[in-house]
Amino acid sequence: MTDSLAQAAVFYPGIPVSNVTTLKDPLLSIADAIDAGDGRRFTASMRALTHGCNACHISLERSFIAIGLPTDQPPPANQIFAPTGKAPKK
């Protein structure tokens, strides 16, 4: 994920550095939660990361790229393809 963010900053130079750097803490927190086997902390960290991703997309007027929390339902994905404003609540 960190590599993907760095690539996005290269491919899309209009992305403010702060949009990328603010995701560092949630990413580290996810890794720490996995290492600790802490499901609650993992869930909270995933929510923070998802919120940060969507906030970045909105700030860049790309709200049509919406991320949701992963589910166990097929297909196991976290991208929301519903029209803006029609995304299911998670």
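Val10 is found in helix α1, which covers residues 2-11. Helices here are DSSP runs of H or I with at least four residues, strands are runs of E with at least two, and both are numbered from the N terminus. The model is predicted, so local features need pLDDT of at least 70, side-chain atom pairs count only at pLDDT 80 or more, and totals for chains, interfaces and linings use all residues. Residues are numbered from 1 along each chain as its sequence is written, and side-chain values use heavy atoms, with hydrogens and water left out.

Val10 is exposed, with a relative accessible area of 64%. Exposed means over 50% relative accessible area, buried under 20%, and partly exposed in between, with a 1.4 Å probe and protein chains only.

Now step back to the whole chain. The secondary structure comes to 4 helices and 2 strands. From the N terminus on, their order is α-α-α-α-β-β. The chain has 90 residues, and 24% of them count as buried. Its accessible surface comes to about 6600 Å², with 60% belonging to carbon and sulfur atoms. These areas come from the Shrake-Rupley method with a 1.4 Å probe; for residues, only the protein chains shown count as cover.

Next comes helix α3. It holds 13 residues, 24-36. Pro26, Leu27, Ile30 and Ala33 are buried in α3. They cover an arc of only 125° around the axis, which puts them on the same side of α3. The arc is that of the directions from the helix axis to the C-beta atoms. Lys24, Asp25, Asp35 and Ala36 are exposed on the other side of α3. The buried residues of α3 pack against α1 and α4 (39-59). Contact means heavy atoms within 4.5 Å. After α3 comes Gly37, with a positive phi near 65°.

Helix α4 also contains Thr50. Thr50 is buried, with a relative accessible area of 10%. Leaving out residues up to four places away in sequence, Thr50 touches Ile67, Gly68 and Leu69.

Key. Expected span 1.5 Å × (residues − 1).
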